[in-house]
Amino acid sequence: MRKTLSVMMFITLCFVTLLGNMNVGHAQPKATKLSYGTPERVGMDGEKLSEVDLAVKKAISDGITPGAT
(Lines give C-alpha, C1' and ligand atoms only; values in the text may rest on other atoms or scores of the structure.)
Protein backbone atom coordinates (compact mmCIF):
# COMPACT_ATOMS: atom_id res chain seq x y z
CA MET A 1 0.00 0.00 0.00
CA ARG A 2 2.81 2.41 0.90
CA LYS A 3 4.60 1.73 -2.40
CA THR A 4 1.35 2.29 -4.32
CA LEU A 5 0.85 5.61 -2.56
CA SER A 6 4.41 6.63 -3.40
CA VAL A 7 3.89 5.81 -7.08
CA MET A 8 0.63 7.77 -7.18
CA MET A 9 2.25 10.76 -5.47
CA PHE A 10 5.10 10.64 -7.99
CA ILE A 11 2.71 10.53 -10.95
CA THR A 12 0.67 13.39 -9.49
CA LEU A 13 3.82 15.45 -9.00
CA CYS A 14 4.81 14.83 -12.63
CA PHE A 15 1.43 16.04 -13.91
CA VAL A 16 1.43 19.10 -11.64
CA THR A 17 4.93 19.97 -12.82
CA LEU A 18 3.93 19.60 -16.46
CA LEU A 19 0.83 21.74 -15.99
CA GLY A 20 2.86 24.39 -14.16
CA ASN A 21 5.25 24.58 -17.09
CA MET A 22 2.43 25.11 -19.58
CA ASN A 23 1.69 28.69 -18.44
CA VAL A 24 -2.01 27.89 -18.18
CA GLY A 25 -4.07 31.06 -18.46
CA HIS A 26 -1.37 33.07 -20.21
CA ALA A 27 -1.25 34.08 -23.85
CA GLN A 28 0.51 31.39 -25.82
CA PRO A 29 2.75 32.00 -28.82
CA LYS A 30 1.66 30.57 -32.15
CA ALA A 31 2.07 26.80 -32.12
CA THR A 32 4.77 25.18 -34.18
CA LYS A 33 4.95 21.64 -35.48
CA LEU A 34 6.32 19.04 -33.12
CA SER A 35 9.57 17.44 -34.14
CA TYR A 36 11.43 14.28 -33.24
CA GLY A 37 14.53 14.37 -31.11
CA THR A 38 16.18 13.23 -27.94
CA PRO A 39 15.23 14.43 -24.47
CA GLU A 40 18.73 15.84 -24.07
CA ARG A 41 18.20 18.04 -27.13
CA VAL A 42 15.60 20.01 -25.19
CA GLY A 43 17.42 19.97 -21.86
CA MET A 44 15.74 16.93 -20.31
CA ASP A 45 17.37 13.87 -18.76
CA GLY A 46 16.54 10.77 -20.81
CA GLU A 47 17.43 8.46 -17.92
CA LYS A 48 15.01 10.21 -15.57
CA LEU A 49 12.29 10.05 -18.22
CA SER A 50 12.89 6.29 -18.49
CA GLU A 51 12.29 6.05 -14.74
CA VAL A 52 9.00 7.94 -15.18
CA ASP A 53 8.02 5.55 -17.98
CA LEU A 54 8.67 2.54 -15.75
CA ALA A 55 6.67 4.06 -12.86
CA VAL A 56 3.70 4.84 -15.12
CA LYS A 57 3.78 1.38 -16.75
CA LYS A 58 3.87 -0.25 -13.30
CA ALA A 59 0.98 1.89 -12.06
CA ILE A 60 -1.06 0.89 -15.11
CA SER A 61 -0.19 -2.82 -14.77
CA ASP A 62 -1.06 -2.68 -11.04
CA GLY A 63 -4.47 -1.28 -11.94
CA ILE A 64 -4.12 1.93 -9.91
CA THR A 65 -4.76 4.26 -12.87
CA PRO A 66 -8.46 3.96 -13.71
CA GLY A 67 -9.12 4.14 -17.43
CA ALA A 68 -5.49 3.69 -18.43
CA THR A 69 -4.56 0.55 -20.32
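The model is a predicted one, in which local features need pLDDT of at least 70, side-chain atom pairs count only at pLDDT 80 or more, and totals for chains, interfaces and linings use all residues. Residues are numbered from 1 along each chain as its sequence is written, and side-chain values use heavy atoms, with hydrogens and water left out.

The protein chain has 2 helices and 0 strands. Both terms refer to DSSP runs numbered from the N terminus: helices are H or I with at least four residues, strands are E with at least two. Of the 69 residues in the protein chain, 9% are buried. The chain exposes about 6400 Å², and 64% of this comes from carbon and sulfur atoms. Accessible areas are from the Shrake-Rupley method with a 1.4 Å probe, and for residues only the protein chains shown count as cover.

Leu49 lies in helix H2. Apart from neighbours within four places in sequence, Leu49 is in contact (heavy atoms within 4.5 Å) with Pro39 and Met44. Pro39 is 10 residues from Leu49 in sequence, and their C-alpha atoms are 8.2 Å apart.

Thr65 sits in the segment after helix H2, which covers 46-61. Its relative accessibility is 16%, so Thr65 counts as buried. When residues up to four places away in sequence are not counted, Thr65 touches Ala59 and Ile60.

Notes:
Buried means under 20% relative accessible area, exposed over 50%, partly exposed in between (1.4 Å probe, protein chains only).
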